[in-house]
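Here are some notes for a colleague who is opening this structure for the first time. Please read them with the sequence and the model side by side.

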Amino acid sequence: MDFDLSPELRMWRDAVHKFVAQEIKPHAAEYNERAETMWPAIQKGGEQLGLLGMLVPEAYGGSEMDTLAFAIAIEELGWGDGGTGLVIAAHNGLGCSPIVMFGTEEQKKRFLSRVITGQPGRLAALALTEPDAGSDLKGVKTRAELVGNEWVINGSKMWITNSGDADYIVTLLRTAPERSSHSLSLIVVPTNTPGLHIGPPEKKMGLGTTHSHAITYENVRVPRENLLGTAGQGMYQTLQVLDGGRISIGALSVGIAQAAFEEAVAYAKQRIAFGKPIAARQAIQFMLADMATEIHAARLMVYHAAWLKQEGKPFTHAAAMAKLFASEMAERVTRNAIQIHGGYGYSREYPVERMYRDTRLMTIGEGTSEIQRMVIARRVLSSMASLF
Ligand SMILES: Cc1cc2nc3c(=O)[nH]c(=O)nc-3n(C[C@H](O)[C@H](O)[C@H](O)COP(=O)(O)OP(=O)(O)OC[C@H]3O[C@@H](n4cnc5c(N)ncnc54)[C@H](O)[C@@H]3O)c2cc1C
């Protein structure tokens, strides 16, 4: 058993950390205040580090990293800015992954090579959620009917990250009339297709540098060959994509928590109360000790789930546990980082309030905490065999 990162992974982590420290972290406050995507950093990250094609095979222009390297990059991005981390995590994990995993050679060539550069309008998105269906995707109503050699799509989606700047949107929809999970499919919809309407950005609590939109499909016609895999496999494919996505939301949570922890330590050392730095008080020390311990535990869980995935071992419950623990941990850590800052922590002049708002999504997106607990409980109850 070896807990050390390999020299290559350490170099990768240091390179991403340096990039984020220079290009993202110093600008996070102003971009979030303006609710603006950090395009200069996203483009540079695409060109210099291949951050937009991390899971895409080299054959299609990607940087083809393993899951651990991907998780480490997302953690570092989260340390710099949660919103920019989410843009890149959703692009790679939700937008590119379904095509990497289920696309034909022709689909990979056609779609992936267009979205790995980090140009505005060249992101990838995955549209699952609808106004009446989120956790329970069996309720998806958006439908596609095969007319000649085209799918004709009608319906609506909401909360779709990156869709306003996407080249294509992989869409979960119903390709057969019955309301069963076997009637769902994934179809790639290019965003320049007539009849696809993308609404304004949703007004959110945090994550100002990432945008999510409602979408309507009005007689949207795409070629028959835009179907991923076989019709009726959409639910099964989506669950596999989400298993991987949960590792990246766990990693993002660890990165945001780490950033809040560092702010709390620095503040505790310099803030004087009752004649001493507050870091000299045991109540503050215990908060910091708990934060460090929980971040460490979450990081190990995220890395372990990533390792299981890249080793080809079962990882569904490990990813659910990592996402559940890391996202709830990040909420506690950012909450206590504000507590340590006192009144200043509640001010927009200090970054911890933004981090607190950013973490709030992590227990909701890509499966709520309740859904993670359902996944874990199913595994725990189905077998007496050891979990790992
Ligand atoms: C900023 C942001 C970005 C997003 N990006 C995307 C995206 O890119 N693509 C996409 O498709 N979606 C996206 N989403 C949607 C997100 O995945 C959903 O909001 C999430 O899956 C929850 O679905 P819901 O909102 O419909 O809540 P619901 O499913 O209605 O759940 C409401 C509450 O009920 C609980 N609940 C539901 N069922 C059960 C049960 N059986 N047992 C116990 N509790 C239950 C839930 O845990 C939750 O607490 C995004 C959301 C946000 C806020």
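1. The C-alpha centres of domain 1 and domain 3 are 20 Å apart. The domain assignment of the protein chain lists domain 1 (7-112), domain 2 (123-231) and domain 3 (235-382); such bounds come from an automatic or database domain assignment.

2. A word on the source. This is a predicted model, in which local features need pLDDT of at least 70 and side-chain atom pairs count only at pLDDT 80 or more, while totals for chains, interfaces and linings use all residues. Residue numbers start from 1 along each chain as its sequence is written.

3. Between domain 1 and domain 3, 24 residues of domain 1 are in contact with 24 residues of domain 3 (contact: C-beta atoms, placed from the backbone, within 7 Å). On the domain 1 side, α2 (28-34), α4 (67-80) and α5 each give two or more residues. Helices (H or I, at least four residues) and strands (E, at least two) are DSSP runs, numbered from the N terminus. The largest share of that side, eleven residues, is from α5.

4. By class, the side of domain 1 that touches domain 3 has 13 nonpolar, eight polar and three charged residues. Here Ala, Val, Leu, Ile, Met, Phe, Trp, Tyr, Cys and Pro count as nonpolar, Asp, Glu, Lys and Arg as charged, and the others, Gly among them, as polar.

5. α4 packs with helix α8 (residues 282-310) at an angle of about 150°, their axes being 8 Å apart. Axes are lines fitted to C-alpha atoms, for helices over the stretch in contact, and angles run from 0 to 180 degrees between N-to-C directions. The two helices, α4 and α8, are therefore roughly antiparallel (under 35 degrees counts as roughly parallel, over 145 as roughly antiparallel, 65 to 115 as roughly perpendicular, the rest as oblique). T67, L68 and A71 of α4 meet V302, Y303, A306, W307, K309 and Q310 of α8. Six nonpolar residues, two polar and one charged make up this contact.

6. Helix α7 (residues 234-270) packs with helix α9 (residues 316-341) at about 20°, with the axes 8 Å apart. That makes α7 roughly parallel to α9. The crossing of α7 and α9 is left-handed, a term used if the near helix is turned anticlockwise from the far one by less than a right angle (right-handed if clockwise). The contact of α7 with α9 holds 19 nonpolar, six polar and four charged residues.

7. α9 also crosses helix α10 (residues 351-359), at roughly 160°, and their axes come within 9 Å. α9 passes α10 in a left-handed crossing. Among the residues that meet are A330, E331 and T334 in α9, and V352, E353 and M355 in α10.

Conventions: Two residues are in contact if their C-beta atoms, placed from the backbone, lie within 7 Å.
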